[in-house]
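User: I'd like to talk through the charged side chains in this one. Could you put the model up first?

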Amino acid sequence: KAADQKVVLQGLKITGGNAGTSTTPVSIHGVGFRRDYGGGVIVGNSRLEIVDSEIYQNDSEKFVAGIYVFQDAELTIRGTKVYENHSSSNAGGIWVANAVAHVYDSEFTHNSGGTAAGVHAYPDAQLYMYNSVVAQNKGRSFGPGVYVRQNSKAVLVNMVIYGNSSTG
């Protein structure tokens, strides 16, 4: 991660990704990227902005089907839809862990998983969401819409959160 650099992904459709069962990480500049996390997008120790994109119908046989943000990463999402991602365990839509995410004018809908089917901030995460929707996510445990815990903080402003459900 360089202080004055970031990557911008704009106008993309990211679909059909699959985080498998292998727990052997791939090391990039000393950061271990787990192969069983982040079916669609994985962001570690870097700065990324996702603009006017769709991240949908990605899978994970373990954790995080849509977007996994970790290891001091900084993610900004604008005008993006994260939907219909399925995790066999936690975090269908997005998981922010030991990282920061800023979300503007975006949607997290119809994702599924165990805990935190829509939006997950854990541990030591910072989550800032503005003018966005978290809806119709289906979980099997805690926090099917938005779940924040263990030294994490979230600021949600002008949000619409509805229709999220859990069987647990």
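**Charged pairs, one by one**

Analyst: Aspartate 36 has 0% relative accessibility, so aspartate 36 counts as buried (buried is under 20% relative accessible area, exposed over 50%, partly exposed in between, with a 1.4 Å probe and protein chains only). Bear in mind that this is a predicted model, where local features need pLDDT of at least 70, side-chain atom pairs count only at pLDDT 80 or more, and totals for chains, interfaces and linings use all residues. Residues are numbered from 1 along each chain as its sequence is written, and side-chain values use heavy atoms, with hydrogens and water left out.

User: Which residue forms a salt bridge with aspartate 36 at 2.8 Å between the closest N and O atoms?

Analyst: A salt bridge here is a side-chain nitrogen of Lys or Arg within 4 Å of a carboxyl oxygen of Asp or Glu. With a closest N to O distance of 2.8 Å, the partner is arginine 34.

User: Is arginine 34 buried or exposed, or partly exposed?

Analyst: Leaving aside neighbours within four places in sequence, arginine 34 is in contact (heavy atoms within 4.5 Å) with Thr23, Pro25, Ile42 and Lys62. The relative accessible area of arginine 34 is 30%, so the label is partly exposed.

User: Where does lysine 62 sit, given its pairing with aspartate 36?

Analyst: Lysine 62 and aspartate 36 meet in a salt bridge of 3.5 Å, N to O. That pair links distant parts of the chain, 26 residues apart, with aspartate 36 in the loop between β5 and β6 and lysine 62 in the loop between β9 (59-60) and β10 (67-70).

User: Why does the pair of glutamate 49 and arginine 78 tie together separate parts of the sequence, and how many residues apart are they?

Analyst: The two side chains form a salt bridge, with the closest N and O atoms 2.9 Å apart. Glutamate 49 lies in strand β7 (residues 47-51) and arginine 78 in strand β11 (residues 74-78), so the pair joins parts whose separation in sequence is 29 residues.

User: Which of those two is buried, going by relative accessibility?

Analyst: Arginine 78 comes out at 35%, so arginine 78 is partly exposed. At 10%, the buried one is glutamate 49.

User: And how many salt bridges does the rule give?

Analyst: Some are joined up: Lys1, Arg47 and Glu74 are linked in a network of salt bridges. The count by this rule is six.

Note on methods: Helices (H or I, at least four residues) and strands (E, at least two) are DSSP runs, numbered from the N terminus.
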